[in-house]
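Here is a short report for a first look at this structure. It starts with the loops, then turns to the ligand and its iron atom.

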Amino acid sequence: MWKSALSGLIVAAFAIAAFVGAGCATFFGAAICTIDRSGPSAPTVQSPERHKLYVGAGAPAPYRDKQNPQAASIGNVIEGARLYDLRCAVCHGMMGVGDGDAGATLDTRPADLGRSLGQPLYKDDFFYWSISEGGSAFGTDMPPFKSDLTDREIWRILTFMRAAFSEQQPQPEARPNAPP
Ligand code: HEC
């Protein structure tokens, strides 16, 4: 009995791995879809306080329950990719796993964006709020973008991130931030 359950799990793990690999390759080409998830640039878990607040109380007003009005059209995804590359990749890394050069020395490492994007619990309002307000409420270096980017630009970045990063779930090997 446990043996068949175990082999079922193994088959499921392979199926997920195959889907994850194929999804990224379809979008970006195989060359940049090989992410090194070991060593010093391995993905980190997110700021725990941000997640505790969202799961317990939801996103604060005026972000709560807001949904992305920007369709996942090719134009929006490309514009979102351009903005992500310009404003976010320096910390979160090209593939969103949190391995950008500027993030390496921060106390709370940049979040691995694919983790939350891949969890249905984390809705559009989580990202809209996080990107707009940044991390000052949690004492992190995530910058606030609300006066720097328009709402439309923030939503287009989310459109791009959902198209490019969500499928990177699951990542059980993520390690916690190093203690201070
Ligand atoms: C200076 C480095 C830096 C830049 C630039 C940056 N971030 Fe962050 N970001 C962080 C850090 C550090 C965290 C983790 C701490 C936190 O959640 O406040 C984070 C967290 C987040 C989170 C919360 C994710 C989660 O699951 O916990 C989102 C969403 C996010 N960033 C999106 C963006 C986007 C989109 C951009 C570009 C518009 C961006 N960030 C630019 C450093 C950065």
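## Loop and ligand site

P62 lies in the loop between α2 and α3 (74-87). The model is predicted. The peptide bond from A61 to P62 is cis, with omega near 5°. D65 has its place in the loop between α2 and α3 as well. D65 is not a glycine, yet its phi is positive, at about 65°.

Now to the ligand. The ligand sits in the largest pocket. Around the ligand are 28 residues, and the closest are C88, C91, H92, S116 and M142. By type, the shell holds 15 nonpolar, nine polar and four charged residues.

Which helices supply at least two residues each of the shell around the ligand? They are α2 (48-57), α4 (89-92), α5 (113-117), α6 (124-133) and α7 (151-165). Helix α6 gives the most, with four residues.

| Residue | Side-chain atom | Ligand atom | Distance |
|---|---|---|---|
| R50 | N or O atom | oxygen atom | 2.7 Å |
| H51 | N or O atom | oxygen atom | 2.6 Å |
| T140 | polar atom | oxygen atom | 2.6 Å |

The iron atom of the ligand comes next. Which protein atoms are donors of the iron atom? They are NE2 of H92 and SD of M142, lying 2.0 to 2.1 Å from the iron atom. H92 lies in helix α4, while M142 lies in the loop between α6 and α7, so the pair ties together parts that are 50 residues apart in sequence. Both H92 and M142 are also among the closest residues to the ligand.

Methods
Residues are numbered from 1 along each chain as its sequence is written. This is a predicted model: local features need pLDDT of at least 70, side-chain atom pairs count only at pLDDT 80 or more; totals for chains, interfaces and linings use all residues. Side-chain values use heavy atoms; hydrogens and water are left out. A residue is near a molecule or strand if one of its heavy atoms lies within 4 Å of it. A polar contact is a pair of N or O atoms within 3.5 Å; within protein, one must be able to donate a hydrogen and the other to accept it, and residues adjacent in sequence count only if both atoms are side-chain atoms. On a 1 Å grid over the protein atoms alone, a cavity is a set of points where a 1.4 Å probe fits but cannot get out, and a pocket is an open set with protein on both sides within 12 Å along at least five of seven lines; lining residues have an atom within 4 Å of a point. A molecule sits in a cavity or pocket if more than half of its atoms lie within 2 Å of its grid points. Ala, Val, Leu, Ile, Met, Phe, Trp, Tyr, Cys and Pro count as nonpolar, Asp, Glu, Lys and Arg as charged, and the others, Gly among them, as polar. Donors are N, O and S atoms within 2.8 Å of the metal (3.2 Å for Na, K and Ca); water is not among the atoms, so sites may look incomplete.
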